[in-house]
Every structure is written in structure tokens, then in C-alpha cells.
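Subject: Structure handover

Hi,

My notes on it follow below.

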Amino acid sequence: MPKMRAMVSPGPGQPLRLEERDLPAPGAHEVRVRVQACGVCHSDAIVVEGHMPGLSYPRVPGHEVIGLVDAVGPDVEGWRVGERVGVGWFPGACGRCGHCRRGETFACEVIQGATGLTRDGGYATHMVAHASALARVPDELDAVESAPLLCAGVTTFNALRNSGARGGDVVAVHGVGGLGHLGVQFAARLGFRTVAVNRGRDKEALARSLGAHEYIDSEAQDPAAALQAMGGARAIIATVTNREAMEAVSRGLAVNGTLLVIGAVGPLTVDSMDLLQKRAAVKGWYSGTSADSEDTLSFCKLQAISSMNEVFPFEQAQAAYDRMLSGKARFRVVLRIDG
Ligand SMILES: NC(=O)c1ccc[n+]([C@@H]2O[C@H](COP(=O)([O-])OP(=O)(O)OC[C@H]3O[C@@H](n4cnc5c(N)ncnc54)[C@H](OP(=O)(O)O)[C@@H]3O)[C@@H](O)[C@H]2O)c1
Ligand SMILES: [Zn+2]
């Protein structure tokens with residue numbers, strides 16, 4: 001029986017371990033992907049640390065995958081062996097199934113198919129993906145360089161283009177990490193007056209080199225007041241992983257502004273008076289669909305946008321994950337998988 005290798009999360013809070021497994025056969029509507037690269041996202045902590053109730057283990061994390069179609073299951077249309085594909089985390093709750101109607105969104109049938117969360121992901125030489133989750137990857141884009149576009153990229157690009165902001169508007173990207181450093185590039189190329197917000201000055205020069213027109217050090221000054229001094233932000237793309245930090249920036253919205261909550265920070269408190277006086281909004285945002293991923297990849301090719309990555313061999317997935325969690329990576333960590 002041919003084999004594959006995977007870095008597996010054995011259970012909440014346990015270190016990743018290398019496992020050899022039988023090569024899985026794709027089922028109906030599925031393809032098997034030979035993984036070439038997989039980004040390491042802060043959201044992988046949901047599985048590795050066990051932040052979500054009801055997850056089952058062992059689980060292979062990883063939802064920023066680029067690879068080649070290796071086998072095609074029954075009833076798959078439009079995909080052939082050898083084609084380049086990207087696989088992302090895949091949509092949030094559908095809003096229609098029985099679980100969603102009862103408010104149990106984490107049990108939603110769509111989320112039950114989420115790559116690296118409820119089905120095995122890309123910290124592996126091979127994975128099986130639902131055909132509807134596949135995005136075509138342009139030939140010009142390198143797998144290792146571009147894998148982060150399948151989550152960090154699509155999430156920030158899609159949030160920005162659906163934010164209601166128009167060319168010239170002030171748009172803040174809060175958090176200059178894996179997601180934020182791409183968010184800054186997208187915001188600048190989409191024509192917004194782009195403001196990067198992060199604690200300290202360490203990342204200022206890099207943020208400016210990626211296209212930020214302004215930089216706010218959220219430790220040295222009140223970030224909301226600094227945004228108000230610029231006229232207020234039409235959109236804030238909040239990618240920080242800290243609740244208080246996100247709350248502190250929320251008053252920086254302009255009239256009709258929208259805070260797009262991307263970072264998973266638990267309960268969030270905002271000032272109702274501030275919101276109602278401005279007709280401002282707070283809105284959650286998940287990444288997008290495979291069609292959104294294809295749009296993201298095309299836009300990156302068109303505008304020469306790329307992820308700045310630190311690359312680790314796949315067997316060192318634990319070190320790569322620890323590096324991501326440390327916040328010291330500049331900016332995304334990516335696993336290179338040589339098969
Ligand atoms: N909605 C979605 O679909 C979606 C998709 C992907 C990821 N996410 C979530 O988005 C968040 C960001 O992911 P990522 O991979 O970009 O993470 P990351 O690379 O670890 O970046 C985290 C960012 O948060 C900042 N931060 C951390 N602790 C902070 C604190 N105490 N005060 C102020 N700022 C702080 C970091 O600032 P420093 O540079 O100062 O450390 C950094 O800019 C995570 O919560 C992840 O789960 C959501
Ligand atoms: Zn992610």
C-alpha cells in the first residue's frame with residue numbers, strides 16, 4: 001500500500017508528531033492533492049490548542065495549501081491529474097442548515113468540511129479535498145511563496161473589497177502579522193489611504209515598504225484618536241489576536257465606517273453611543289470561497305503582491321508553528337513539502 005506522511009495534532013495542547021499513513025483514496029466529489037507547500041496560520045491554534053468544542057483528533061492541521069492534483073475521485077468535473085490547485089480553510093457557517101438555525105454555527109454542515117479543522121489538512125505530503133474547495137493557481141505563482149494567499153491573502157483581500165471603502169478612503173489594517181502584512185499590500189493597491197496599526201515601531205519600516213502611507217504605534221498613542229485625526233477610518237481590518245487591542249481601535253471609525261473583525265479574540269465590547277452616532281458597524285468576516293481565492297491569486301499576480309515568508313521543512317512543523325505563535329516571524333511561516 002503506498003504511504004503518505006503527515007504532521008499530526010494528536011490532541012489539544014499536545015506536540016505535533018510525524019505519522020506515516022496509507023495514501024487515502026478520494027471519494028465522490030473529492031480529489032487527492034500532492035501538497036507542495038502549506039502556510040502556518042494563527043488559526044491552526046484552534047486545532048493544536050483545542051480552542052473549539054467538539055473537534056475530533058488526531059487531526060492534520062493546515063489550510064493554506066498549494067499542490068498538484070494527484071488522483072481524482074468519482075463524479076468530479078473539471079479537474080485533472082497534474083493540475084495546480086490551492087485549498088483554503090473554506091467557508092464559514094451556511095446560515096441554512098439545522099445547526100445554523102439553532103445558532104450552533106460551529107456544528108454547521110459546511111464548517112464540518114473545513115480543511116485542517118474538521119477534515120485533514122496540508123501539514124502532510126498528501127491530503128484529500130472536496131472539489132468545490134479547489135482554486136486554480138496561475139502558473140506564474142510559486143507554491144511556497146503563494147500558499148499563504150489561500151487564507152491570509154483571501155481573508156484580507158475579500159474583507160477589504162467588501163468593506164464599503166472606496167478609493168482614497170482612510171482604511172486601517174490593525175495587526176501587521178501574517179494576515180496584516182498582506183492586508184497592507186492589498187489596501188494600498190486597492191487605492192485606499194492605508195494606515196498600518198501595530199504595537200511598537202519594530203514593523204513600521206516593513207509596513208511602509210509594503211505600501212502603508214501612515215503608521216500608528218498603538219503603544220505610543222491612542223490608535224483611535226490617531227485615526228480620528230486622519231478623519232476616521234472608513235474600514236478597519238482588525239487582524240490582531242488580542243481583544244483589548246481590538247477594542248482600543250474601534251473608536252477610530254469614521255461616519256458609516258465598518259470594523260471588520262477577522263482576529264479570533266472572543267467576546268468584544270464596543271461603545272454603542274459611538275456606533276449609533278456614526279451609523280458605524282462591527283462585522284465579522286471569514287475568508288471566502290474558492291472563487292474568492294482565485295480572485296485573490298489573480299489580483300496578486302496582476303499587482304505583484306506576495307507574502308513575505310519564513311520557510312521550514314515540513315518535518316519541522318512544530319518549530320514552524322512555535323515560530324508563528326511567537327509573533328516574531330516576518331511575516332508568514334510556510335512549510336515546504338517535498339513529498
Ligand atoms: N476570519 C478569518 O477567516 C481568519 C482567517 C485567518 C486568520 N484569522 C485569525 O486572524 C488572526 C491573525 O492571524 P495571523 O495568522 O495574522 O496571526 P499573527 O501572524 O500571529 O499576527 C498577530 C497580530 O496580532 C498582534 N498582536 C498579538 N498580540 C497582541 C497584543 N497583545 N496587543 C496588540 N497586538 C497584538 C501581533 O502584533 P505584534 O507584531 O506586536 O506581535 C500581530 O500583528 C488570528 O486570530 C487568526 O485566528 C481569521
Ligand atoms: Zn488561516
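By class, the shell around ligand 1 splits into 11 nonpolar, 15 polar and 2 charged residues. Keep in mind that this is a predicted model. In total, 28 residues surround the ligand. The closest are His42, Gly177, Leu179, Asn242 and Gly327. Helix H5 (residues 178-189) supplies the largest share of the shell, with 3 residues.

Where does ligand 1 lie relative to domain 1 and domain 2? Both domains give residues to the shell, so the ligand lies between them.

**Domains**

The domain assignment of the protein chain gives domain 1 as 3-151 + 288-336 and domain 2 as 154-284. Their centres, taken over C-alpha atoms, are 26 Å apart. At the interface, 21 residues of domain 1 are in contact with 14 residues of domain 2. On the domain 1 side, helix H10 (residues 290-303) gives the most, with 5 residues. The residues on that side of domain 1 divide into 9 nonpolar, 9 polar and 3 charged.

**Strand S3**

Next, look at strand S3, residues 30-40. Of its 11 residues, 11 are buried, so the strand is largely enclosed by the rest of the structure.

S3 has these pairings:

- Strand S4 (residues 65-72) pairs with S3 in the antiparallel sense, over 7 bridges. Here Ala37 stands opposite Ile66.
- Strand S6 (residues 126-130) is also antiparallel to S3, with 5 bridges. Arg34 stands opposite His126 in this pair.
- Strand S15 (residues 332-336) is joined to S3 by 4 bridges, and the two run antiparallel. Cys38 stands opposite Leu335.

As background, side chains in a regular strand alternate between the two faces of the sheet.

**Helix H11**

Helix H11 covers residues 317-326. Which of its residues are buried? Ala317, Ala320, Tyr321 and Met324 are. Seen down the helix axis, the buried residues of H11 fall within an arc of 100°, so they line one face of the helix. The general rule is that an α-helix has 3.6 residues a turn, so residues three or four places apart point the same way.

What covers that buried set in H11? The cover includes S3 and S15. It also includes strand S1 (3-8), helix H1 (44-50) and strand S14 (309-313).

Gly327 follows H11. Its phi is positive, near 80°.

**Gly62**

One loop residue deserves a look. Gly62 is found in the loop between H1 and S4. Is Gly62 buried or exposed? It has 33 C-beta neighbours inside 10 Å, so it counts as buried; the cut-off is 20 or more.

Leaving aside neighbours within four places in sequence, Gly62 is in contact with Cys38, Asp44, Gly116, Gly121, Gly122 and Tyr123. Gly62 and Leu335 are 273 residues apart along the chain. Their C-alpha atoms are separated by 9.6 Å.

**Recap**

Ligand 1 lies between the two domains. S3 is largely enclosed, and S3 pairs with S4, S6 and S15. The buried residues of H11 line one face of the helix, and S3 is part of what covers them.

Best wishes

Key: Residues numbered from 1 in each chain as written. Chains lettered and ligands numbered in written order. Predicted model: local features only at pLDDT ≥ 70, side-chain atom pairs only at ≥ 80, totals over all residues. Near = placed C-beta within 6 Å. Nonpolar A, V, L, I, M, F, W, Y, C, P; charged D, E, K, R; others polar. Domains from an automatic or database assignment. Buried ≥ 20, exposed ≤ 12 C-beta atoms within 10 Å, placed from the backbone. Pairing = 2+ DSSP bridges. Contact = placed C-beta atoms within 7 Å. Arc of directions from axis to C-beta.
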